[in-house]
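Please have the model open while I talk.

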Amino acid sequence: MFRLWGKEFKNNHLLKDIVICEDDPSASRTKKVFHAVTQICMTFDLAEPIWLESNIKEFQRRDKTRFTQDNFIETIDFDYLEIHVIEE
């Protein structure tokens with residue numbers, strides 16, 4: 001089972017969090033991540049973030065990354081959205 005934890009922070013305080021579970025064994029890891037991010041954004045009523053090169057490298061290295069205002073087209077009312085793979 002693949003689980004991705006999405007957390008919204010403002011002033012170093014957790015505002016919202018959700019864990020998305022993906023059970024499809026035929027899907028690639030990349031598809032699972034993108035699908036989970038889509039689910040997180042739908043739940044939090046956000047536009048999907050743009051993956052910058054720094055996000056990709058950090059996610060590949062640590063299974064975790066943060067999306068700040070630079071990753072969103074619309075203005076956000078929090079400091080960052082963090083995603084973290086907690087189970088594969």
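**Rings, strands and charges**

Trp51 is partly exposed, at a relative accessible area of 21%. On that scale buried means under 20%, exposed over 50% and partly exposed in between, with a 1.4 Å probe and protein chains only. The model is predicted, so local features need pLDDT of at least 70 and side-chain atom pairs count only at pLDDT 80 or more, while totals for chains, interfaces and linings use all residues. Residues are numbered from 1 along each chain as its sequence is written, and side-chain values use heavy atoms, with hydrogens and water left out.

What is the relative accessibility of Phe67? Phe67 comes out at 0% and counts as buried.

Now the aromatic pairs. Over the whole structure the search gives 5 of them. Phe, Tyr and Trp rings (for Trp, the six-membered ring) pair if their centres lie within 6.5 Å, and planes under 30 degrees apart are stacked, over 60 edge-to-face, the rest tilted. The pair links distant parts of the chain, 16 residues apart: Trp51 sits in the loop between α1 (29–44) and α2 (53–62), and Phe67 in strand β3 (residues 64–67). Phe72 and Phe78 are also edge-to-face, because their ring centres are 6.1 Å apart and their planes stand at 85°. Both Phe72 and Phe78 are buried. For the element names, helices (H or I, at least four residues) and strands (E, at least two) are DSSP runs numbered from the N terminus.

Which residues do ring pairs link into a cluster? The members are Phe34, Trp51, Phe59 and Phe67.

There is also a charge over a ring. Lys7 lies over the face of Trp5, 3.9 Å from the ring centre. The criterion is NZ of Lys or CZ of Arg within 6 Å of the ring centre and within 35 degrees of the ring normal.

On to the strands. β1 (residues 2–10) pairs with β2 (residues 13–22) in the antiparallel sense, over 9 bridges; two strands pair if DSSP finds at least two bridges between them. Within that pairing, Gly6 is opposite Ile18 in β2. β1 and β2 form a hairpin with 2 residues between them, and Asn11 in the turn has a positive phi of about 50°. β1 is also antiparallel to β4 (residues 80–87), joined to β4 by 7 bridges. There, Leu4 stands opposite Val85 in β4.

Next, the salt bridges. The count is 5, with a side-chain nitrogen of Lys or Arg within 4 Å of a carboxyl oxygen of Asp or Glu as the criterion.

Arg3 forms one with Glu87, and the closest N and O atoms are 2.8 Å apart. Arg3 is in strand β1 and Glu87 in strand β4, so this pair ties together parts that are 84 residues apart in sequence. Both ends are partly exposed, Arg3 at 28% and Glu87 at 31%. Glu88, in the segment after β4, is exposed at 55%. Its C-alpha is 6.6 Å from that of Arg3, although Glu88 and Arg3 are 85 residues apart in sequence.

Arg62 and Glu58 meet in a salt bridge at 2.9 Å, N to O. They are 4 residues apart in helix α2, so about one helical turn separates them. Arg62 is partly exposed at 45%, whereas Glu58 is buried at 19%.

Arg66 and Glu82 meet in a salt bridge, also at 2.9 Å from N to O. This one links strand β3, which holds Arg66, to strand β4, which holds Glu82, 16 residues apart. Arg66 is partly exposed at 40%, and Glu82 is buried at 5%. Salt bridges with shared partners join Lys7, Arg66 and Glu82 into one network.

Last, the surface. Which residues form a nonpolar patch there? Ile50, Leu52 and Ile73 do, with about 290 Å² of accessible area together. Patch residues have over 30% relative accessible area and no salt bridge; like charges are joined within 9 Å, and nonpolar side chains (Val, Leu, Ile, Met, Phe, Trp, Tyr) within 5 Å. The areas come from the Shrake-Rupley method with a 1.4 Å probe, and for residues only the protein chains shown count as cover. Leu52 lies in the loop between α1 and α2 and is partly exposed at 33%.
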